[in-house]
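The structure is shown first, and the notes come after it.

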Amino acid sequence: MKKNNFTAQLMSAEEAMAWLDSKGVSYELCDVPIPIMSGKVNCGAPLGIGDETIEGYYYLPKSAVGLHPQVELCAQGDSMIDADIHEGDLLRLEIGACPHDGDIVVAEIDGEYTAKVYFTDVEGRQWLCPMNKRFRPILLTESMNVRISGVVRSIVKQVVRRSFSECQSIVRRMLEQRQQQGDVMQRLGKAAAEGIHLFWASSSWAVAYGVARDSGGYEGSVKEFERQAMNLPLPLSFNHECSLGTVQRTISNHPYMRLHIDKWRNSGASAREIVLMEFLKKFLQ
């Protein structure tokens, strides 16, 4: 078996910037470090963050950083899921920024921290509102020791590196599908050779595609089907070979071909299309 020695080449920083320039995309150098803190802010009842240390840094361009210092904290809990904040997300917090109604803030209440939406009602009362109906809003009162630590400016979703076994299973499924499609095309080639008299034009391969799709489990694209059909070892007497683009054009001109083949009969298919479809089904079911 021939070994595949291909290795994907990584784009260098210079190549990346040149590529962005060619696409007309503006960019800025990310050179402002944003500390990522080890503590977690609770999206639920206020909890202590604990002893915090800097685990790493997140870099942003200067234009994206305001006048206040910024840090990132990891979210936990589910009281903010309707704001698309989930367990493990990183909250980029602008420390000391003045909150406005509707801002997501990190607040310290009696020494414990929580992430909620800041809101002032018509009576001037201040609230911290959860974004999950299972939780109640927190009314801030004079008896509480409350401090707004900062305003959440963005949410960074965690990108998890996938496991080897997961990637391997994805590739295995694709190879199995490719093998299955090959088997379908082989059976379809035998059917076409036996039913030469039922093919009236190259457009009749659109019927073959519909049968392969709905009865044979073929999952490839129309173009892939056309390429495979063009390479089938058909008899020399076969006068209606598939050609590139024919199947796609035929389907575009016959809307019922987008439906399952069982619906063709009552959706406008011609008698010869039904005859060919029923013949091919016997080979592919």
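The points below go from the whole protein to its aromatic pairs.

The model is predicted. The protein has 6 helices and 9 strands, and a search of the whole structure turns up 8 aromatic pairs.

**Overall make-up**
- Of the 285 residues in the protein, 38% are buried.
- The accessible surface of the protein is about 17700 Å², and carbon and sulfur atoms account for 54% of that area.
- Taking contacts between residues at least 6 apart in sequence, 63% join residues at least 24 apart.

**Trp205 and Phe238**
- Among the 8 aromatic pairs is that of Trp205 and Phe238, whose ring centres are 6.0 Å apart; the planes meet at 45°, so the pair is tilted.
- Trp205 belongs to helix α3 (residues 205-214), while Phe238 sits in the loop between α4 (222-230) and α5 (246-253), so this pair ties together parts 33 residues apart in sequence.
- Trp205 has 0% relative accessibility and counts as buried.
- Phe238, at 2% relative accessibility, also counts as buried, because the cut-off for buried is under 20%.
- Phe199 joins Trp205 and Phe238 in a cluster linked by ring pairs.

**Tyr218 and Phe225**
- The ring centres of Tyr218 and Phe225 lie 5.7 Å apart with planes at 80°, so this pair is edge-to-face; the cut-off for that class is over 60 degrees.
- Tyr218 counts as buried at 3% relative accessibility.
- Phe225 counts as buried at 0% relative accessibility.

Note on methods:
Residues numbered from 1 in each chain as written. Predicted model: local features only at pLDDT ≥ 70, side-chain atom pairs only at ≥ 80, totals over all residues. Heavy atoms only, no water. Phe/Tyr/Trp six-rings, centres within 6.5 Å; stacked < 30°, edge-to-face > 60°. Helix = DSSP H or I, 4+ residues; strand = E, 2+ residues; numbered from the N terminus. Buried < 20%, exposed > 50% of the residue type's maximum accessible area, 1.4 Å probe, protein only. Contact = heavy atoms within 4.5 Å. Areas by Shrake-Rupley, 256 points an atom, 1.4 Å probe, with all protein chains shown as cover.
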